[in-house]
Amino acid sequence: MWKDGRYGSGQSLLVGDLVVIQAEQGFVALAEASPDRYRELGRIPALASKTWNNPAVAGPYLLVRNDQEAVCYELPSAHRASTGSPGSPVFTNHLRPPGI
């Protein structure tokens, strides 16, 4: 088992073989769900301010919110997220607003 990352009083959600982490600071991180090691695949600045709310998944959509805003992103398939584009494990390759 491992312990890593700085997410404050954030919340996490297991989606297939990925962990979606809503950090207290407002960003969302995507990590591998592996007991062997911690590997963050990337992150995005999802919300502009602090949140303690749980993320939610409905079908292919991730919903995050705080007291001022709510945002919806389209989740990748587990295979697409784990393979990603060579040299760019940037979260924007894995998570994007619907319709883009």
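Buried means under 20% relative accessible area. The close-ups below come from a predicted model.

Buried means under 20% relative accessible area. The close-ups below come from a predicted model.

**View 1. Tyr7 and Phe27 form an aromatic pair.** A search of the whole structure finds one such pair. Its geometry is tilted. The ring centres of Tyr7 and Phe27 lie 6.0 Å apart, with 55° between the planes. Tyr7 sits in the segment before β1 (11–15). Phe27 sits in the loop between β2 (18–22) and β3 (28–32). The pair therefore ties together parts that are 20 residues apart in sequence.

**View 2. Tyr7 and Phe27 are both buried.** Tyr7 has a relative accessibility of 11%, so Tyr7 falls under the 20% limit and counts as buried. Phe27 has 14%, so Phe27 counts as buried too.

**View 3. Ile44 is a buried residue of a strand.** The strand is β4, which covers residues 40–44. Ile44 has a relative accessible area of 5%. Val28 is 16 residues away from Ile44 in sequence. In space, the two C-alpha atoms are 5.5 Å apart.

**View 4. Leu13 is partly exposed in strand β1.** Its relative accessibility is 25%. Leaving out residues up to four places away in sequence, Leu13 touches Leu18, Val19, Val20, Pro55, Ala56 and Val57.

**View 5. Leu13 and Val57 are 44 residues apart in sequence.** In space, 8.5 Å separates their C-alpha atoms. Val57 is among the residues that Leu13 touches.

Key:
Residues are numbered from 1 along each chain as its sequence is written. This is a predicted model: local features need pLDDT of at least 70, side-chain atom pairs count only at pLDDT 80 or more; totals for chains, interfaces and linings use all residues. Side-chain values use heavy atoms; hydrogens and water are left out. Helices (H or I, at least four residues) and strands (E, at least two) are DSSP runs, numbered from the N terminus. Buried means under 20% relative accessible area, exposed over 50%, partly exposed in between (1.4 Å probe, protein chains only). Rings of Phe, Tyr and Trp (its six-membered ring) pair if their centres lie within 6.5 Å; planes under 30 degrees apart count as stacked, over 60 as edge-to-face and the rest as tilted. Contact means heavy atoms within 4.5 Å.
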